[in-house]
Amino acid sequence: MDWTNGHDVVLCREVLVVDPFQAKKKTIQRAKLWQTVANNLIVLDHPKFKSTLSKRSVQDRCMLLCDKHKKKVRAELAATGISPPHTELDDLLEEIIQKDELSEETRKDEGKKKII
């Protein structure tokens, strides 16, 4: 599938609504949430997604966008005197990254509490 900026924005919005990060990584619950994201995107008319869109392709695209965004932010911080334009996609990706990091920190804290 050819992903456009419109596809990416809609994907990120849907990820924030479904919030697959509420489930632990590599679990059936998280896989079901990613499948829900894919199913919700398939039924949209605009932008149109492939009817064969899989949970894996949605998850991979989201993680790729997050990784690219992190690299972009690091490069912007390293550069001085620039102020690149901030887009809706940037805001959505920041929120997704924060949710993912917060869920991982919460799980680590819960794991530490169980040990003590």
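Me: Where is Lys26 found, and what makes Lys26 count as exposed or buried?

Reply: Lys26 lies in the loop between helix 1 and helix 2, where helices are DSSP runs of H or I with at least four residues, strands are runs of E with at least two, and both are numbered from the N terminus. The relative accessible area of Lys26 is 87%, so this residue is exposed, given that buried means under 20%, exposed over 50% and partly exposed in between, with a 1.4 Å probe and protein chains only. This is a predicted model, in which local features need pLDDT of at least 70, side-chain atom pairs count only at pLDDT 80 or more, and totals for chains, interfaces and linings use all residues. Residues are numbered from 1 along each chain as its sequence is written, and side-chain values use heavy atoms, with hydrogens and water left out.

Me: What is the phi of Lys26, and what is that of Asp19?

Reply: Lys26 is not a glycine, yet has a positive phi of about 60 degrees; Asp19, also a residue other than glycine, has a positive phi near 55 degrees. Most residues other than glycine have a negative phi.

Me: Why are helix 1 and helix 2 described as oblique?

Reply: Their axes come within 10 Å and cross at roughly 135 degrees, the axes being lines fitted to C-alpha atoms over the stretch in contact, with angles running from 0 to 180 degrees between N-to-C directions. Angles under 35 degrees count as roughly parallel, over 145 as roughly antiparallel, 65 to 115 as roughly perpendicular and the rest as oblique, and helix 1 and helix 2 are therefore oblique to each other.

Me: Which residues of helix 1 and helix 2 meet?

Reply: On the side of helix 1 they are Val10, Leu11, Glu14, Val15 and Val18, and on the side of helix 2 Leu33, Trp34, Thr36, Val37, Asn40 and Leu41, where contact means heavy atoms within 4.5 Å. Not counting residues up to four places away in sequence, Val15 touches Pro20, Phe21, Trp34, Val37, Cys62 and Ile96.

Me: How do you know that the bond from His46 to Pro47 is cis or trans?

Reply: Omega is near -10 degrees for this peptide bond, which is cis, and Pro47 sits in the loop between helix 2 and helix 3.
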